[in-house]
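Okay, everyone, thanks for coming. Let me put the chain up on the screen, and then I'll talk you through a few spots in it.

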Amino acid sequence: MNRRHLLLAPGAAALAAALCFAAPNSAAQAQSAQVQSAQVQSIGQPIRVGEINSYTGLPAFTVPYRQGWQLAVEEVNAAGGLLGGRKLEVVSRDDAGKPDDAVRVAQELLSNEKVDLLAGTYFSHVGLAVADFAARNKVPFVAAEPLTDAITWTKGNRYTFRLRPSTYMQAAMLVEEAAKLPAKRWATVAPNYEYGQSAVQWFRQLLSEKRPDVEFVAEQWPAQGKLEAGPTVQALAAAKPDAIFNVTFGADLAKFVREGEGRGLFRNRTVVSLLTGEPEYLDPMKDEAPEGWIVTGYPQEQIDTPEHKAFRDAYVARFKETPRQGSVVGYATFKAIAAAVEKAGSTDPEKVVDALSGLALPSPFGPIAFRALDHQATMGAYVGKTTVKNGQGVMTGWRYADGADYLPSDEAVRKMRPE
């Protein structure tokens, strides 16, 4: 017997004994006894979530993310837990940024740890691997961070839901600003894997639709985490673009900014950049942060909405530091899981999936919902420009772009998403 089946609430042991010694008079009574026995076994049993992420591969994002979900879990349990008092419990594993490792630990979480749901992942190719595993094993998976559109569209499945605004959505937010620029000649630089490829594809397509006069004159595809800044900057400069679309992040972004500034790549050129306004990537650059880039990000110290203030205050009180983008993602992911389980009234995988489909809930960014059509959440992002203030990179002139406003038509989604 699983050890968790021994955790019975007061009175449950007596009820279990009664059920064991009851002598059903009919098949209907026997079936009723079996149902009641199953219910007794689950009383007091925690609801377990198997959480997978690239903690060693990208700690700048995943450590705040972990703190975010820890805060959410603590709040859920402090409020009495779920389904009449069952605690929410997380079993966390590191995927080392590798799809094979992620699938291996997902299997271990499902088989050995007996988790009820899966959540997490950061890199797009890792998220896709876990999404495929979830579909094959019919277990709900809430993909917290991976941005590839394939996870909800071309490779979407019944069991996978994604929280963050996708590459399409964030590219559309940036294209709205890029289309206003006089720039006609564009160059792109992006990590050469699913996330970077998807971001460049959509930016090119969406900008070309709004501005048929633009052309893309150069592309650079460095391996993720292995950017050779000098040759990359030199190749981009040689193409003489009017503007640059950047998708690099983390250490690659810092190297690209430093080398580009030193070689004058950004002089008299606009840079439009995905994710660069997130504190995870701005903070490490300090006063070397770029000036005037158009970015998506998270100006956490400037947002004064009631829902964000409540989240920020709770986070600071718990961890003695301000939240990062990852903090919001981790928090909202586990709040969504808790809301789905409560809505389902059960941890039955099919019922939880049905509950996630169309689920609406509050978040630090305001109300969000997981669309029934494609399981994409409507969480948005902040769009603004970078600047340096008091020796630190920050966002300025920002606005919140609601994710619901930056999605393709339902008809277009249906053509991309398998039945």
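This is a predicted model: local features need pLDDT of at least 70, side-chain atom pairs count only at pLDDT 80 or more; totals for chains, interfaces and linings use all residues.

The average pLDDT over the chain is 91, and 90% of the residues score at least 70. There are two stretches to be careful with. Residues 1-25 stay under 50 in pLDDT, and the model has 30 contacts for them beyond four places in sequence. Residues 30-41 also stay under 50, with 13 contacts of that kind.

On the fold itself, we have 14 helices and 14 strands. The chain has 419 residues, and 54% of them count as buried. If you take contacts between residues at least 6 apart in sequence, 69% of those join residues at least 24 apart.

Now the core. The largest nonpolar core holds 133 residues, and the ones touching the most other members are Leu118, Trp186, Phe203, Leu207, Phe256, Val272 and Phe334. Which helix gives the most to this core? That's helix 12, residues 325-344, with eleven residues. And where does the core sit relative to the domains? Domain 1 (31-165 + 304-380) and domain 2 (168-301 + 382-410) both contribute residues, so the core lies between them.

Let's zoom in on Phe334 from that list. Leaving out residues up to four places away in sequence, Phe334 touches Val49, Glu51, Tyr65, Trp69, Ala72, Val73, Val90 and Ala119.

Phe203 and Leu207, also on that list, are among the buried residues of helix 7, along with Tyr195, Gly196, Ser198, Ala199, Val200, Trp202 and Leu206. Remember that an α-helix has 3.6 residues a turn, so residues three or four places apart point the same way. Helix 7 has 17 residues and spans 24 Å from first C-alpha to last, close to the 24 Å expected at 1.5 Å a residue.

Next, strand 9, residues 270-277, where Leu275 lies. Leu275 has a positive phi, near 75°, and this is a residue other than glycine. Leu275 is buried too, with a relative accessible area of 2%.

Thr276 is in strand 9 as well, and it's buried, with a relative accessible area of 0%. The Thr276 side chain makes a polar contact with the side chain of Ser273, at 2.4 Å. Beyond four places in sequence, Thr276 touches Asn246, Leu253, Tyr281, Leu282, Trp293, Val295 and Thr296.

Last one: Asn390. Asn390 isn't a glycine either, yet has a positive phi of about 55°. Where is Asn390? In the loop between strand 13 (381-389) and strand 14 (392-401). While Leu275 is buried at 2%, Asn390 is exposed, with a relative accessible area of 78%.

That's my tour, so over to you for questions.

Conventions
Residues are numbered from 1 along each chain as its sequence is written. Side-chain values use heavy atoms; hydrogens and water are left out. Helices (H or I, at least four residues) and strands (E, at least two) are DSSP runs, numbered from the N terminus. The expected span of a helix is 1.5 Å times one less than its number of residues. Buried means under 20% relative accessible area, exposed over 50%, partly exposed in between (1.4 Å probe, protein chains only). A nonpolar core is a set of buried Ala, Val, Leu, Ile, Met, Phe, Trp, Tyr and Cys residues joined through side-chain atoms within 4.5 Å. Domain bounds come from an automatic or database domain assignment. Contact means heavy atoms within 4.5 Å. A polar contact is a pair of N or O atoms within 3.5 Å; within protein, one must be able to donate a hydrogen and the other to accept it, and residues adjacent in sequence count only if both atoms are side-chain atoms. pLDDT is the predictor's confidence in each residue, from 0 to 100.
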